[in-house]
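The sequence and structure come first, and the description follows.

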Amino acid sequence: MERFEAIIVGAGYAGMAAAAQMPGRELLVIERYDSIVQKRRGSLGFLFPFGEQVEVRGNDLYLNGLELLVESGVRQAFRHIQIRGNRERFDLALRDPLLLINEGRLKGALLRRIRENGTRVKVGSAVREVDTDGREVTVRTSTEYSSRILLGADGVGSVVARSLRFRRDKLAILFQREVELSHLDIPADTLYLQIDDSRNLFFAFPVGDHFQASVIQIVADREVPEDLEMKLIDKVERLGGGRLLAGRNAVVRLFSPASTSYRSNVLLTGDALATYGFATITGALAMGSLAGAAINRFLAGSHYALPEYHDKWRKVSGHTTIERIRYALPILSRIEGDRVDRILKAARRPGQVYAGGANLLWHLPAILWRLFV
Ligand SMILES: Cc1cc2nc3c(=O)[nH]c(=O)nc-3n(C[C@H](O)[C@H](O)[C@H](O)COP(=O)(O)OP(=O)(O)OC[C@H]3O[C@@H](n4cnc5c(N)ncnc54)[C@H](O)[C@@H]3O)c2cc1C
């Protein structure tokens with residue numbers, strides 16, 4: 001059985017940010033898909049600037065903790081958001097643009113960095129089970145590996161969390177259908193957001209020379225989903241949708257955060273740990289970096305590294321904000337069609353300009369909550 005100092009399961013943002021903190025270590029990253037940079041599931045790719053992990057420099061992104069420049073990391077900047085209900089419409093002019101990032105470039109830059117550091121990356125290999133006796137961890141794919149410590153960065157459905165019985169309560173299921181289109185009637189720098197009710201969201205926006213549209217539906221754990229495809233087609237047709245270029249689906253189980261962030265010599269990070277499985281891209285980078293630094297210190301003999309990781313992961317990832325939104329959910333879940341219209345009407349003020357544009361989506365529930373209550 002091949003042995004490493006550390007193993008990371010999952011080459012997403014969190015796993016690669018962690019690996020980038022461990023140059024010179026005997027480190028293995030295991031990823032189930034053949035390609036790390038190719039987009040697989042739906043993700044909108046907006047930048048939520050929690051903390052100081054990511055700095056925007058024109059069209060480039062700079063990852064502070066990792067001292068890594070991602071050239072052309074910013075794909076698009078939106079200066080307007082148009083929010084629609086059934087009848088009402090609310091136009092926001094943003095003082096600071098909302099940024100869409102180039103996820104392929106960001107992942108590509110991270111992958112190059114960790115390979116330069118000497119990390120071994122094994123793609124096309126799904127981890128089936130993980131076990132630990134407290135001293136050594138065993139990882140089973142089609143072959144077996146062992147290590148002194150392991151990081152579960154394998155996303156919301158984490159096999160690591162399940163294998164080692166980290167408790168995560170099921171909250172709901174998120175369904176997403178996303179399409180790329182040759183045409184949509186939306187202005188160049190505008191994010192179009194339609195809210196039917198609190199569980200049905202439709203996003204559409206231009207990306208380079210094409211357009212992206214997606215519908216997201218969040219349902220209670222046992223509920224049968226409504227027809228996403230029909231909803232999407234209907235809304236796309238109303239916006240004059242052109243030729244279909246590509247489509248993707250995501251079905252994501254949403255969970256409460258794991259009962260703890262580590263157990264003996266196994267840690268969780270990113271979506272594998274966060275509430276709902278929404279670490280966010282910046283949050284996952286921050287949590288992963290923190291976990292990688294903690295593993296380094298653990299391997300150097302520190303007894304405090306893992307408890308300190310546990311104390312800090314919420315703060316560095318902006319997770320406290322996400323948890324605050326969660327407490328507003330009982331109120332938000334009462335928002336249906338007519339109420340959305342009433343809220344949009346009440347919120348409309350001519351010429352209104354919102355500051356902190358990139359934060360707006362996260363603040364949206366709080367804005368709605370204030371207006372609603
Ligand atoms: C529909 C949708 C839209 C979103 N939009 C945004 C947005 O606009 N902005 C934003 O900031 N965040 C957004 N998010 C959230 C964001 O995508 C996640 O928080 C972020 O990707 C988490 O990163 P991660 O590295 O923890 O997990 P992931 O990105 O899920 O990476 C996990 C990696 O582990 C691999 N893996 C999983 N299981 C195994 C296994 N058994 N063996 C080996 N490898 C495995 C996966 O293939 C993957 O590469 C969105 C999420 C969804 C569902």
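How many helices and strands does the chain have? The chain has 10 helices and 19 strands; helices (H or I, at least four residues) and strands (E, at least two) are DSSP runs, numbered from the N terminus.

## Basis of the model

The model is predicted: local features need pLDDT of at least 70, side-chain atom pairs count only at pLDDT 80 or more, and totals for chains, interfaces and linings use all residues. Residues are numbered from 1 along each chain as its sequence is written.

## Overall dimensions

The radius of gyration of the chain is 21 Å, close to the 21 Å that the globule rule gives for 373 residues, so the chain is as compact as a globular protein of that length. This radius is taken over C-alpha atoms, and the rule is 2.2 Å times the number of residues to the power 0.38. Along the principal axes, the C-alpha atoms fill a box of roughly 60 × 40 × 35 Å.

Of the 373 residues, 42% count as buried. A residue is buried if 20 or more other C-beta atoms lie within 10 Å of its own, exposed if 12 or fewer, and partly exposed in between, with C-beta atoms placed from the backbone. Among contacts with a separation of 6 or more, 73% join residues 24 or more positions apart; two residues are in contact if their C-beta atoms, placed from the backbone, lie within 7 Å.

## Domains

The chain is divided into domain 1 (2-73 + 102-169 + 256-325) and domain 2 (171-255), with bounds from an automatic or database domain assignment. Their centres, taken over C-alpha atoms, are separated by 28 Å. The contact takes 10 residues from domain 1 and 12 residues from domain 2. On the domain 1 side there are three nonpolar, four polar and three charged residues. Here Ala, Val, Leu, Ile, Met, Phe, Trp, Tyr, Cys and Pro count as nonpolar, Asp, Glu, Lys and Arg as charged, and the others, Gly among them, as polar.

## Nonpolar core

The largest nonpolar core has 106 residues, of which Ala-6, Ile-7, Ile-8, Leu-150 and Val-160 touch the most other members. Such a core is a set of buried Ala, Val, Leu, Ile, Met, Phe, Trp, Tyr and Cys residues joined through C-beta atoms within 7 Å.

Leaving aside neighbours within four places in sequence, Ile-8 is in contact with Gly-15, Ala-18, Ala-19, Leu-27, Val-29, Leu-151 and Ala-153.

## Ligand shell

Of the 35 residues around the ligand, Gly-10, Gly-12, Leu-44, Gly-155 and Gly-270 come nearest; a residue is near if its C-beta atom, placed from the backbone, lies within 6 Å of the molecule. By class, the shell has 21 nonpolar, 10 polar and four charged residues.

α1 (13-19), β12 (170-181), β16 (244-255) and α5 (281-299) each supply at least two residues of the shell. The largest share, three residues, comes from α1. At least three shell residues come from each of domain 1 and domain 2.

## Loop residues

Ser-72, in the loop between β5 (68-70) and β6 (74-84), has a positive phi near 55°. Ser-72 is exposed because 12 other C-beta atoms lie within 10 Å. Ser-264, between β17 (262-263) and β18 (266-268), has a positive phi of about 40°. With 13 other C-beta atoms within 10 Å, Ser-264 is partly exposed. Most residues other than glycine have a negative phi.
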